[in-house]
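Visitor: I have this model open and would like to go through a few places in it with you. Could we start with a single residue and then move on to the helices?

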Amino acid sequence: MTDKMVYAFSEGNKDLKDLLGGKGANLAEMTNLGLPVPPGFIITTEACRAYLRSGSTPRELLDEVRSRLDALEHEMGRTLGDSSNPLLLSVRSGAKFSMPGMMETVLNIGLNDESVHGLAEQSGNERFAWDSYRRLIQMFGKTVLDLDGDLFADALHEVMIETGVESDVEIPAEALKGLVLRYEEIMTSHGAHFPQDPREQLLGAIEAVFRSWNTPRAQLYRRQERIPSDLGTAVNVQAMVFGNSGEHSGTGVAFTRDPATGARGVYGDYLESAQGEDVVSGIRNTLALSDLERLEPGPYAELMDIMHTLEQHYRDLCDIEFTIERGKLWMLQTRVGKRTAGAAFRIATQLVEEDLIDMDEAVRRVSGPQLAQLMFPQFDRSNSQKPSTKGTAASPGAAVGEVVFNSEDAVVAAAEGRDVILVRRETNPDDLPGMIAAAGILTTRGGMTSHAAVVARGMGKTAVCGTESIEIDMVAHTMKMPDGTELGEGDVISIDGTTGEVFAGSVDVRPSPVVEYFDAGIDAALDSADQQTAELVHAVDRIMRRADEHRRLAVRANADTPDDAARGRRMGSQGIGLCRTEHMFLGDRKQYVEKLILAENDAEREAALAALLPLQRKDFIRILEVMDGLPVTIRLIDPPLHEFLPDLTELSVRVAVAEEQGKPNEADLRLLRAVRRLHESNPMLGLRGVRLGLVVPGLFALQVRAIAEAACFRQRLGGDPRAEIMIPLVGSVHELELVADEAAEVLADVASKHGCTLRFPIGTMIELPRAALTAGDIAKSAEFFSFGTNDLTQTTWGFSRDDVEAGFFSLYLDKGVFGVSPFESIDVEGVGRLVQIAANEGRRVRPDMHLGVCGEHGGDPQSVHFFHDAGLDYVSCSPFRVPVARLEAARASLGMTTSDMR
């Protein structure tokens, strides 16, 4: 820990985000650029971590805060809490990674029963002073004293009714004075009090921000965004400027480009006579930023210049918060703005065209998860279905679901497998669980910069905001469309986050144009595309072409059928990394496997194998044809044989019923004996994988022969089949040697009989910890390794994917044991270490050994970075995820880390 815990803005810069948090580092950067930033200081993330460890504020921090506050008072010529000319402060959180609305803010620190009169006299606006004071008490009570925020909101609403106004900005000064008294009575009735000492207020606010790092909503957001839980937050203490101080005052949020589409232009929201939290909360509908030019032409022109300066300096889309106080513009925050997936790709290529970045940086600026979002379906407009209303297009996508009106119901519905649209007047941070669970979010208040919009864009969640024409009854749980149509819980609506349109009922969806680009080429994707879609497709095309030039890792597809193989190839795969042969034994073919299992002599066994051979051969011919010239890694049959037999319970009941009726069926009895013999209490262990090839004579030899004969057939037609034979679940080199020797004999026999050349490598899947730890020995007989990370995760942790999906695992996530499922993203410390050990041991024996991964981790962006760093040669994943893996493999080659993906 560094000795220094508090930094003046002038002492920091944008590269100190680890220490000063994102907000503080950028405030420092703007200060150093000479922009109009209210002065202040930053308490470091290290100080936060020290507080969270001990539960109390370090004494040295208190001393530094006092010293820095004295310097700030001297610079401003005001004193905190002074009764005649008070200095007022804001206290805001600011973590390294943006967490919009998840942590706390307290404004107007320094007001009390005495200084409120000084503020009124100094400003010449009594209403402004008392409005600022009631805001402080309300925020302090909720944030610092942990009182229910509804207590204050209800009191505010009562005063609005009593005074006959529709908005809080219309409440007169005398009524605000009474509201302050009500707020203080609320505190007293709940055993709390509002401190009159301004320095006590400041310390309480600082500690509240520290504590807010570990609130449930902040923890949930970090898990959702994969932000480490041990970073802590910085605290920004800043001299207040007031957007609610009367004429020529207001506050707003601006973007240097449209964060929803990436289009160039002026985008943002502005509220007259308001403080910053009013804009992002969405409790009042805002004006468009373009309206500011008419209202305040001087500050507007200055803001445009500053926005240009910041975008040129950061070389990226900037998100800016500002306040105008009596005609004077102040900059309160800037950061590289969150944006939708489509905007990310368009902005990256725009910045290349503007010579601000090069194409390599453009590849770094986008991510696999963003590309995956672009591949989701969109609404099909061919049926000309008319929207019921329209709001702000806050976060793109197409979402269809049942209406729910609160976060809790959204979570329950999602757990039941139902798609829902969360409908609210406005969202707040406590709604985060429901926002995550919902397919889409609809609010009647707020704009592009409201809480709902910002959080939805960060999560890639479809959202429409500011649909003022919809009337919501939160008590009756109904919503009324402009045409009078009333919808309740469970009714279906559709929302288009790209256009802002809302439909009563379900709207059909169509494939994304980005999927059409990968599936059928750029010309097909551009057919009938509008300008925005065309720009997006061109941006994706440019970035993917550059990505393929840079990546070291090859990307293959997991494909078991010719159709899957063909789609994988269209998506850009460089072969098949996993072809699961057991899927070829399903359907009508199960009868032949059943005969093989029930065979009581060599003749019956040979007959069953002979029936399966031509079927397998035909399968392999078609797959090798589709992937001609590319490697096809074929895994020999892996699952336990009982999976090809009837369910034990059902068969036992059937036999018992037949015996009770005096009509025993000999075939069923024989089948039941076989099922009991092969049944295993844990089907993921036991008789499966390589053990099948050793226990069931001729089974693996049949598959190898089918592969070999299929390859010879393709060679005779002028093809270039490149099969690779993979033996699953090997735990000992002796197992591998026995099967590999048999396979080599079959290959030689087929090559001799058919006059073809079959130089197919024989390797193994590394999916057991023992295999990883003895990989050096196994490499003596294996020509390649492919890491089966699904089973390797299961056998390392001792639980299965079923446990994650329907078992105890959700509790582990809640308790922070895991940030994300190890089946979703590789467990680097455990499973990843086994992969690294096996890779190193294998290449120590065979320096040119080919290494790949064929679990679904091969399509997970964070895992792809690990496999790149581990030195693997390729990853393999489902066809749909191939483009994502291609992009992330390139970003890994360009030096991006997993933390850069946020």
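Visitor: Is V502 buried or exposed?
Guide: This is a predicted model, and in it V502 is buried, with a relative accessible area of 0%. The residue lies in strand β24, which covers residues 501–504.

Visitor: What does V502 touch, leaving out residues up to four places away in sequence?
Guide: With those left out, V502 touches P387, S388, T389, L442, V464, T467, M481, S494 and I495.

Visitor: And how far is V502 from A415?
Guide: They are 87 residues apart in sequence, and their C-alpha atoms are 25 Å apart in space.

Visitor: Switching to T233, where does that one sit?
Guide: T233 lies in strand β7, residues 233–239, and at 0% relative accessibility T233 counts as buried.

Visitor: Which backbone nitrogens does the T233 side chain reach?
Guide: A polar atom of the T233 side chain lies 3.0 Å from the backbone nitrogen of G94, and the side chain also reaches the backbone nitrogen of A95 at 3.4 Å. Setting aside neighbours within four places in sequence, the contacts of T233 include S93, G94, A95, M103 and W213.

Visitor: Helices now. How many residues does α29 have, and what should they span?
Guide: Helix α29 has 22 residues, 733–754, which at 1.5 Å a residue should span 32 Å, and the end C-alpha atoms are 31 Å apart, which agrees.

Visitor: Which residues of α29 are buried?
Guide: They are V733, E735, L736, V739, A740, A743, V746, L747, V750 and A751. Seen down the axis of α29, these buried residues fall within an arc of 150 degrees, so they line one face of the helix. On the other side of α29, H734, L738, E745, S752 and K753 are exposed.

Visitor: What does the buried side of α29 pack against?
Guide: The buried residues of α29 pack against α27 (690–695), α28 (699–716), β29 (722–727), β30 (762–766) and α31 (775–778).

Visitor: What caps the N-terminal end of α29?
Guide: S732 does, with a side-chain oxygen 3.1 Å from the backbone nitrogen of H734. Just after the helix, G755 takes a positive phi of about 65 degrees.

Visitor: Last one: how do α13 and α21 cross?
Guide: The axes of α13 (residues 341–353) and α21 (residues 531–550) come within 9 Å and cross at roughly 70 degrees, and the two helices are therefore roughly perpendicular to each other. Among the residues that meet there are F345 and R346 in α13, and L536 and R542 in α21.

Technical notes. Residues are numbered from 1 along each chain as its sequence is written. This is a predicted model: local features need pLDDT of at least 70, side-chain atom pairs count only at pLDDT 80 or more; totals for chains, interfaces and linings use all residues. Side-chain values use heavy atoms; hydrogens and water are left out. Helices (H or I, at least four residues) and strands (E, at least two) are DSSP runs, numbered from the N terminus. The expected span of a helix is 1.5 Å times one less than its number of residues. Buried means under 20% relative accessible area, exposed over 50%, partly exposed in between (1.4 Å probe, protein chains only). The arc is that of the directions from the helix axis to the C-beta atoms. Contact means heavy atoms within 4.5 Å. A polar contact is a pair of N or O atoms within 3.5 Å; within protein, one must be able to donate a hydrogen and the other to accept it, and residues adjacent in sequence count only if both atoms are side-chain atoms. Axes are lines fitted to C-alpha atoms, for helices over the stretch in contact, and angles run from 0 to 180 degrees between N-to-C directions. Angles under 35 degrees count as roughly parallel, over 145 as roughly antiparallel, 65 to 115 as roughly perpendicular and the rest as oblique.
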